[in-house]
Amino acid sequence: MKTRILLIVLVLSVLTTACSLPFLGKKENPIPPTPTPDNGLELYYGNGMQIMLPRSYVAEDIDSALPSIVAAIKNFIGGESSPLAGLVDSLEGNIGWYGYDSDKAAVYPTRLVILRNKTLAKLPISMVTMGIEKMLGSQSALVDSDDIRLGGRDVTRLTYSKDDVAWAAYLFKEGDHLWMALYVTTPANLAAELEDYGLSVSTIKIDPVQPAP
């Protein structure tokens, strides 16, 4: 279980230092969203889930981005020879959605990655968050935790802000998985858009029936 929690911490750590990673500045071929009524949001389908986001968001092809993500994480933990290197081997199947907000001028764009994990669903979310905070070490003092209701679900929200980097992670259980929607952004955007992040997380549906093209 500790290794699964560590994988989430690794993703947080790598994305928290995202401004130095080349793959986060690369724009892949966009996957067009599905038009919806004019409420300012669009419907995006991912791997076993759907979410409504501002229409400025661009979904990226995770197959193209994943090698860089995996390489960055493995480099972070000590390379291929690290005993932790195998933790990222199944990362692809655990990513529900991946993309960025093309409408935000910043050092790097606001990014959203949605992760799922079946093993961690067996643990109380409070234990998972405690494990994350413990493994973040001294940085855990900068993490705020709130239990909130979004879209009829009990959700734990973790937020972090320091210097030029901030993130908000939303954790909940559904469909035999623990899900985490992670926004990586700037402190200014986090302060201004936290309510919007929660609104989008409240629209997540697991295992939706996707209409035929």
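This is a predicted model: local features need pLDDT of at least 70, side-chain atom pairs count only at pLDDT 80 or more; totals for chains, interfaces and linings use all residues.
The protein has 213 residues, and 51% of them are buried. Its secondary structure consists of four helices and ten strands. Read from the N terminus, the elements follow the order α-β-β-β-α-β-β-α-β-β-β-β-α-β. Contacts between residues at least 6 apart in sequence were also examined; 60% of these join residues at least 24 apart.

Seven strands form an open sheet. Their order is E3-E4-E5-E9-E8-E7-E6, and the pairing is antiparallel. Strand E3 (57–59) lies at one edge and strand E6 (143–150) at the other; each pairs on one side only. From one strand to the next, the twist averages 20°. Within the sheet, strand E8 (residues 165–174) pairs with E9 in the antiparallel sense, over nine bridges. Helix H4 lies across E3, E6, strand E7 (153–162), E8 and E9. The helix runs at about 15° to E8.

The largest nonpolar core has 23 residues. Trp 97, Leu 112, Ile 114, Tyr 170 and Ile 204 have the most contacts inside this core. At least two core residues come from each of strand E2 (49–54), E3, strand E5 (111–117), E8, E9 and H4. E8 supplies the largest share, four residues. Leu 112 shows how such a core residue is surrounded. Residues up to four places away in sequence aside, Leu 112 touches Ile 51, Leu 53, Tyr 57, Trp 97, Tyr 98, Gly 99, Ala 181, Leu 182 and Tyr 183.

Another core, of 21 residues, lies apart from the largest one. Leu 66, Val 143, Leu 178 and Met 180 are among its members. Val 143 is found in strand E6. Its relative accessibility is 10%, so Val 143 counts as buried. Val 143 and Ser 161 are 18 residues apart along the chain, and their C-alpha atoms are separated by 7.7 Å.

Aromatic rings were considered next. A pair of aromatic rings is described by the distance of the centres and the angle of the planes. A search of the whole structure finds four aromatic pairs. In one of them, the rings of Tyr 160 and Trp 167 have their centres 5.5 Å apart. Their planes meet at 10°, and the pair is therefore stacked. Both partners are shielded by the protein: Tyr 160 counts as buried because its relative accessibility is 8%, and Trp 167 counts as buried because its value is 2%.

Tyr 183 and Tyr 197 form a stacked pair too, with 4.0 Å from centre to centre and 15° between the planes. Tyr 183 lies in strand E9 (residues 177–185), whereas Tyr 197 lies in helix H4 (residues 187–202). The pair therefore ties together parts that are 14 residues apart in sequence. Tyr 183 and Tyr 197 are both buried. Ring pairs also bring in Tyr 170, so that Tyr 170, Tyr 183 and Tyr 197 are linked into a cluster. Tyr 170 is also one of the residues with the most contacts inside the largest core.

A charged residue meets a ring elsewhere in the model. Arg 153 lies over the face of Phe 172, at 4.6 Å from the ring centre.

Key. Residues are numbered from 1 along each chain as its sequence is written. Side-chain values use heavy atoms; hydrogens and water are left out. Rings of Phe, Tyr and Trp (its six-membered ring) pair if their centres lie within 6.5 Å; planes under 30 degrees apart count as stacked, over 60 as edge-to-face and the rest as tilted. Buried means under 20% relative accessible area, exposed over 50%, partly exposed in between (1.4 Å probe, protein chains only). A charge sits over a ring if NZ of Lys or CZ of Arg is within 6 Å of the ring centre and within 35 degrees of the ring normal. Two strands pair if DSSP finds at least two bridges between them. Axes are lines fitted to C-alpha atoms, for helices over the stretch in contact, and angles run from 0 to 180 degrees between N-to-C directions. Contact means heavy atoms within 4.5 Å. A nonpolar core is a set of buried Ala, Val, Leu, Ile, Met, Phe, Trp, Tyr and Cys residues joined through side-chain atoms within 4.5 Å.
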